[in-house]
Amino acid sequence: MIALLRAELLKLRSTRTALGMGIAAALVTVLPAILLIAFLPKGTIGGDEARTILTAGSSLVTYIVLVFGILGMTGEYRHGTITYTYLATPRRGRVMVVKLVVYALVGCLAMLLALLLANLIGVIGLPIRGVSFPAPDGAALADYARQIVTAGLITAFGVALGALFRAQVVTVAGTLIWALMVEPLIVAFKPHIGAWLPFNVFSQVISLPIGADGDAAGGLSRPEAFLVSIGYIAAVSVLAVFISMRRDVT
Amino acid sequence: MAVIDAEHLSKRFGKKVLAVDDVSFSVEPGTITGFLGPNGAGKTTTLRMIVDLVRPSGGAVRVLGSRYRDLTRPTTRVGALLDASGFHPGRSGANALRVVAAGAGISYDRVDAALEMVELGGAARRAVKGYSTGMKQRLALAAALLGDPEVLILDEPANGLDPEGIRWLRIFLKARAAEGRTVLVSSHVLAEVEQTVDDILIISKGKLLAQGPISELTRTAQPVVRVRSPQAEKLEELLTARGAAVNRLGDALAVRGPASAEVGEVAQSGGVVLHELLTEQPSLEDLFLQIAGTRKEA
């Protein structure tokens, strides 16, 4: 397992995919924050409100790490490196477990850096517009922690989806269409069903997204959402491993 | 004990394609065994079944006495070259091998040694996407050698190599066998491995047609009569009518069946002029054609 872990970390370090993901995450965090500071009329909002807006860009980071997770697994099939991965570790379940762990940690790290960057811009930029940037309180830190954990979960989910479907373009496109178009439509028209769909479940780990009163709309509590998220990842991963053990690498 | 032991190995893809059909063979230690057959014969599928990348539909294969997946740190026991394109194009050659080494629990020191062994030390820092086909083939060979394994399984290792590279590969394989290692090497270019292998396995259309030491198989094979004639087409007709197996290329014929004296008599009785008539011990290619032809007739 240690050898596999080393290999996964080296895979991340030795291509530009992880770097590209980091740059993309930084851009979607930095650009909205800079625009906000540039166009914010002096004294119109308070510090807490400004922080909420500044860190809003981090929601896009979840989609970036989702795609990153998918690429991490489908890339193995696309470039044929899966042959060497399975030659070294014929027990395919182990490969899956290590990938899930490593990519979840990278997803957490990406979100942590995005939030740090957003806060840094707030500390430096907001005083220029006459808004003081308060130190994060307990509620803000708890919200950050939930965002970081969710980013890890979503990245791992991307890995599991990639292992299940293997085809890179189809998996990325299909997942984004599902997450950005299909699920929101189901949530809008059938909220009781929508509350249980995967990407909505992930977002409920961070906040209660269905209306102002999540429970009244059939939403999940945060602990429930967290457990269901783990359930989704486990179910897709187990299915992917089960299928991969029967799949031929040709 | 055989190093590789396949028993009644079969692989079916879907309902229609039977890629490997009840193949049994063994590879003895310290030998170079050629796994020969035309494209699509089932060589790659068989090799991939040995290392657990393809699951057999029937039968079983053991390598070093175990299933591949049950070997501890398998790439330090069995090195496999199966896919020269199995490297991320953005990684350098050295990093591509480091990834393989890390996953297999092999020290990074072996990376430089393996690259030097395949004469790629100078290109170690270049991205794989800039490698020629021959360089990628050498890199894949280096990956197979990383764990200093006692068994090498090489699928068409000469693909993409220039004549110098093929000669280098031949010397390289002989050196590995001289060290006591076992090599199973597949090829569809029979002449390419003829000077290298000790034993051969011949496969065609998923069925194993012959196996054994190359010297024994060629000795028992029928000799080939080479004929050159300006009336080669007419002579071909005459010989074929007498049941001989004839391959013609321009004015040259390769005749299997009748002895050279009989070929000469047929030519003389048909008024065919001969420019050359000689008997040759069959090449590996002749042997393959004979065996494949015999099976077809059967």
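Let's start where the chains meet: the contact takes 29 residues from chain B and 25 residues from chain A. Contact here means that C-beta atoms, placed from the backbone, lie within 7 Å. On the side of chain B that touches chain A, helix α2 (residues 93–104) of chain B gives the most, with seven residues. By class, that side of chain B has 14 nonpolar, eight polar and seven charged residues. For the classes, Ala, Val, Leu, Ile, Met, Phe, Trp, Tyr, Cys and Pro count as nonpolar, Asp, Glu, Lys and Arg as charged, and the others, Gly among them, as polar.

A word on the source. This is a predicted model, where local features need pLDDT of at least 70, side-chain atom pairs count only at pLDDT 80 or more, and totals for chains, interfaces and linings use all residues. Residues are numbered from 1 along each chain as its sequence is written, while chains are lettered from A and ligands numbered from 1 in the order in which they are written.

Staying with chain B. It is divided into domain 1 (4–219) and domain 2 (222–281), with bounds from an automatic or database domain assignment. The C-alpha centres of these two domains of chain B lie 40 Å apart.

Now chain A. Helices are DSSP runs (H or I, at least four residues), numbered from the N terminus. Take α7 (residues 138–165) of chain A. This helix has 28 residues and reaches 40 Å from its first C-alpha to its last, close to the 40 Å expected at 1.5 Å a residue. That expected span is 1.5 Å times one less than the number of residues. Next comes Arg166(A), whose phi is positive, near 65°.

On to helix pairs. The axes of α4 (residues 58–78) and α8 (residues 168–189) of chain A come within 9 Å and cross at roughly 160°. Axes are lines fitted to C-alpha atoms, for helices over the stretch in contact, and angles run from 0 to 180 degrees between N-to-C directions. So α4(A) and α8(A) are roughly antiparallel (over 145 degrees). Their contact includes Leu66(A) and Ile70(A) of α4(A), and Thr171(A) and Val172(A) of α8(A). It has five nonpolar, five polar and one charged residues.

What angle do α10 (residues 198–206) and α11 (residues 222–246) of chain A pack at? About 140°, with axes 8 Å apart. Among the residues in contact are Phe202(A) of α10(A) and Tyr232(A) of α11(A). This contact divides into eight nonpolar, two polar and one charged.

Definitions and conventions:
Helices (H or I, at least four residues) and strands (E, at least two) are DSSP runs, numbered from the N terminus. Angles under 35 degrees count as roughly parallel, over 145 as roughly antiparallel, 65 to 115 as roughly perpendicular and the rest as oblique. Two residues are in contact if their C-beta atoms, placed from the backbone, lie within 7 Å.
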